[in-house]
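Have the viewer open and follow along.

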Amino acid sequence: MTDERGYTATNHHVTTAQPTLGDRGYLAIALLGVFATLVLITLPVFVAELTSDRDWSDTRLGWLASMDLGAGALASTVLFPFVDRLPWQRTARISLVLVIVGNLACSAAFSFTILLVLRFAVGFANGIILVLVFVTLSNSSHPDRFFGVYVFAQLLLQATMLLLIPTISGTFGANAIFLTFALCSAMTFPLINSLPLSPTSTATEAETFREERISAHLKLPQFRVIIALAAQALYFLAPAALWSYLEPIGVDFSIAKDQINHALALSALFGVAGAVAAIQLAEVQSRLAAMAAGTLLSLLSVLLFLYGSGSSLFTGAVAVFSFAWNFTFPFQMGVIAALDPSGRAASLSLTVQLAGLGVGPALVAISLSLGATLDAVITISGIVFVAAFILFLGAVVRLSERNMQRSTSPLAKSNSEREGGGLS
């Protein structure tokens, strides 16, 4: 029974009568999430331009890099218990206004402390938007497809922004970076209309699909999920630490700043290649074998950073690093989804990812302030890559191969047809 406000009454709750989202709707939502990660994808150039313009130390660089990401992790943690009670579109609009106003205020910040506070507020608001995006994409019948679009669009935007930001900063000053962020966020306002009004608007079929997936899997000990989430948090510490300090590492290679920026932009293209390779190998390659290969590639990039010199080797190290990161991540999500078919762990993975990305640069800042060298930080990052893989291995040891495979149901196939088949 539907009333004049467009709500359908049931015996238990009230749900919004909203059509099932199609490919275009999910694509718009994915793009909304991509623009909420602008700071993350431009982190090396963003902090490098600010520190060079204002002559800040490497320690301050680390704290600045951690602020947005740490606030995003906090937002995803705080919002998790209440996400199904919020009006999603209104929440997203309020958050986006805070992002825009916060970035505009950052362009006029007159002290480092005030800038940190403002970056925390912007990061928190972007974190709220990301939670809504992740939950919506997870509620689709093919979340891997739409998260693939999310990663692909994110990497293309990264390649563009890594080239544009140095030019914008050099022409108009470092404060223009914040104005650019505000403008990009303002452009995403129309995308909010694609969000469901609430989680119950489109989740009914996906909820049935999740229940079907759970019944098709053996119940797994909760500690395995905890170990996998801890492994992912640990894994994200290392890339965040290296990613935030690629500019100083490039200086150690004795190459010019413009060569460093071009290497960073090129790394996004290798990231795309890594994501595409993961998609191609997902059905034919063991997840653990793929993660092992990704870990070995990460270690190769660490060795190049430690012992290489010159622009060619730096570019090669950054390319391998980016490929490995974007190749390994989808298989990690596959393991987490297999361990917890309910999807709860996949939602919490956003928190641990952002926490790892936020804490990594801060740990580097603390280490450098205590007298550590960049070579020591790079070495520790390599150890962390290995430790994360060992934890993932421990999370799935002695599980049958059947439990580690993605399940496919007739319901998922019918949902796929209603959502538009494939993206083209």
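Phe329 is buried because its relative accessible area is 19%, and buried means under 20%, with exposed over 50% and partly exposed in between (1.4 Å probe, protein chains only). This is a predicted model, where local features need pLDDT of at least 70, side-chain atom pairs count only at pLDDT 80 or more, and totals for chains, interfaces and linings use all residues. Residues are numbered from 1 along each chain as its sequence is written, and side-chain values use heavy atoms, leaving out hydrogens and water.

Now look for aromatic pairs: the whole structure holds 14 of them. Rings of Phe, Tyr and Trp (its six-membered ring) pair if their centres lie within 6.5 Å; planes under 30 degrees apart count as stacked, over 60 as edge-to-face and the rest as tilted. Helices are DSSP runs (H or I, at least four residues), numbered from the N terminus. Phe236 is buried too, with a relative accessible area of 4%. Both rings belong to a cluster linked by ring pairs, whose members include Tyr235, Phe253, Trp325 and Phe385.

Leu363, in helix H15, is partly exposed because its relative accessibility is 42%.

Definitions and conventions: Helix = DSSP H or I, 4+ residues; strand = E, 2+ residues; numbered from the N terminus.
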